[in-house]
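Colleague: Could you take me through the aromatic rings in this model, step by step? I would like to see how they are arranged and where they sit.

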Amino acid sequence: MARGGPGDRPAMTPGRHPTRFPGYDVLAQTGAWDATTQAVVLARTARQPEMRFFSLAEEAVATALFDHLLAQWDDPRVPVLEMVDARLAEMQTDGWRYADMPEDDTAWRLSLKALDDDAHARHDRPFAELPRVEQAQLIQAVHDTGGDHWHGMTASRVWGLWTRYTATAFYSHPWAWNEIGFGGPAYPRGYLRLGLDRREPWETPHRPDDGGGNADAAAAGDDTKTPGRRSPRRPGTGAAGAGAALATLRRSASPLRRVRARNASAWLLPRGDARLDHELVDGMRRFADDDEVDLVIVGCGAGGATLAQRMSRHGWSVVCLEAGPFWNPDADWVSDEAGSHHLYWTDPRVIAGSDPVPLGSNNSGRGVGGSTVHFAGYVPRFHPSDFRTYSEDGVGADWPLSYEDLRASYERIEEELPVAGQYWPWGDPHAYPHAPHPLGGNGEVFLRGAAALGIEARVGPVAITNGRFGNRPHCIYRGFCLQGCKVNAKASALITHVPDALANGAEIRAQSMATGIELDAQGLLATGVRYVRNGRERFQRARMVAVAGYSLETPRLLLNSANRRFPDGLCNDHDLVGRYVMVQGAPQVAGRFAEEVRAYKAPPPEVTTEQFYETDPTRPYRRGFSVQNVSPLPIVWAEHVAAQGHWGEDLRSYMQDYVHWAVLGALCELLPLPDNRVTLAEEKDRYGLPVAHFAYSQCENDRQLIRAAETVMEDILRAAGAGELMTINRYAHLVGGCRMARDAEHGVVDADLRSFAVPNLLITDGSVLPTQGSANPALTIMALVDRAAARLAAGARSGLRSPAGSRR
């Protein structure tokens, strides 16, 4: 297909639907995209490969099913069938499955056969040969069956399987982007015109056909503002905010030499267009398996990379084993939702319980940097009350340390990321080292609604540079924070701590999957880690071992490391390994506005309120929630819309109003419960290891808290002027599973993150958190590791296996 500008050919929309963005063609902007992203996106418009997964009979059913789900009745069609077939042929699944469902490839075959069986049973004809109305009735019947069984499977889970795959295929295609007015990759150009009813010169105003948009603003052309509407005044301004402004100025103006002296990562990145110094990676120190290094770390995410950087700075010999690749942001990352699938942990996992937690892109990472590569960059601190919830509120657990023990670590990590945001009035009030970013339309909506209700809200805090920091550039507000920041503006451990670790002699050994931790003959001390690399199992000797593999993989590794001393799993004398896993309730409420919101511009989170964070004694539940604005890109938004039961023409109609929707998301502190746990499944992975089985169920306090958060978000959006509302139930951020405590009967590790059972074994990820607060956990994980590393280096090891020191 030719690649011309708007004048060369008409903009394409799938199935020849009427467009509400006349003349708009996102493919006319391909010259402004980086080559890697351009190749990935344009491949979807080229001839697709032949069928490799679906049989001829399955293809006939799937073709008709996909046409109905997406209302594609005419050419040109987005090649959804071919794209889904390719995913299944290459086993590019999301990894997790429900305990009562088969793997995705089997579920597809079974569900297509079941749909065909229904057609034969009711109409005595194959599904593909039925009239459209009868096909639609059979599809609707599956949806309406809900949580009941349909041909041996839960119908709602089959429906989720269908819509998840079809939405990913359809709304990853540039023809669909034309139909909904999405701006596309926008890298390296980015966006300049942020805010309500503002457009770049190359963006086309929405022409509503149902009165749902702002026709006056649309007719005004580029960079318009609705007449008579004032942008919301940022909170904290004026005389009342003078003290806060001064505190922010002090932190913003503090010299960077003290940051560089303890972590030079930002200055070790290359200048210019490259995002990683390959000489630094290629020339890093390399150890042999037989070398007894001072420290071997499993996992190179927020906890593992921070520990590697800190201890290598202290002269320790460090090897960090990472199951995934050593990313090259320029070549490996794309500004594209579907094209970023490889960033997530997609090895098999099984989920169960009365409220099972879907896994994947929202809460797992794979590769150097871990989930910080694709997290949103939102980094609030925990509150002082988070560390004593049992004493103050009678729920959860008290930590073996206090907020005051972490304050200095919080400040150090905030400087190194660095964090941008307004002065923070909640918890322990504090300033941030960078000023807040400008607001997009979604943030403006939030502030407008909050102000109308008297709810205090603030801009930030995000680990995204607002101005140059070392060799890292300013954010360009393109909205792809969750796909790996190709700009290097958003913090990830890959750029905030790995470069300095390498410069100080650490080895990051990628593509190395840890399979077990070995102990000495007496079963007292760890001696190293077994791992698989290039198809061979190997063993790295070490004086100390740290595990930073995430709240599912860390318990799984310990359970898979059972031995004669620990028959039920390493460090599991008291049956605590894998227990008390927590996930934040993260419902989202969306509102449709007359103005163009274009939420995809600017970072996904911009504005927050923590006004509801603490326990309110007048409420029937304990603890609380925070509210942020969130900005789903087209695929995720289509999944949300489909989850409300919209499909076919209804789905397409909703999606064509994509630029008019604003979305708020809550983080709800769901309580730690002992039966929410990770155990080992019977199923095994490609390494022959039992996979993680994660069972999760909510308690009544959890349900009440989630409902309260939804009500607050609905009120804010209505107060901001929303018409229709849409509420989406979901989860975010797993923590717990190896909780810290004051003694071995109540926890797996102590306040210094050292295990009670094996004194030279550390756990340095979010699995150690006893409670989770209503805040994103990454900053707290890194602060805990900063504190533990300082104490470890200062000699708080009880004399066990002292490091040999630097041998460089």
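**Aromatic pairs**

Modeller: The structure holds 28 aromatic pairs, where rings of Phe, Tyr and Trp (its six-membered ring) pair if their centres lie within 6.5 Å. Planes under 30 degrees apart count as stacked, over 60 as edge-to-face and the rest as tilted. One of the pairs is F612 with F625, which is stacked, with 5.2 Å from centre to centre and 10 degrees between the planes. F612 lies in the loop between strand 14 (607–609) and strand 15 (625–630), while F625 belongs to strand 15, so this pair ties together parts that are 13 residues apart in sequence. Strands here are DSSP runs (E, at least two residues) and helices are too (H or I, at least four), numbered from the N terminus. F625 counts as buried, at 1% relative accessibility; buried means under 20% relative accessible area, exposed over 50%, and partly exposed in between (1.4 Å probe, protein chains only).

Next come two tryptophans: W637 and W661 form a tilted pair, 5.3 Å centre to centre with 50 degrees between the planes. This pair links distant parts of the chain, 24 residues apart, with W637 in helix 21 (residues 634–643) and W661 in strand 16 (residues 661–668). Both W637 and W661 are buried.

Before going on, a word on the source: this is a predicted model, in which local features need pLDDT of at least 70 and side-chain atom pairs count only at pLDDT 80 or more, while totals for chains, interfaces and linings use all residues. Residues are numbered from 1 along each chain as its sequence is written, and side-chain values use heavy atoms, with hydrogens and water left out.

Ring pairs can also join up into a group. W177, F182, Y191, W202, F480, Y600 and Y658 are linked in this way into a cluster.

Some rings have a charge over them, which is counted if NZ of Lys or CZ of Arg is within 6 Å of the ring centre and within 35 degrees of the ring normal. The charged end of R109 sits over the ring of F53, 3.8 Å from the ring centre. Likewise, R565 lies over the face of F566, at 3.9 Å from the centre of that ring.
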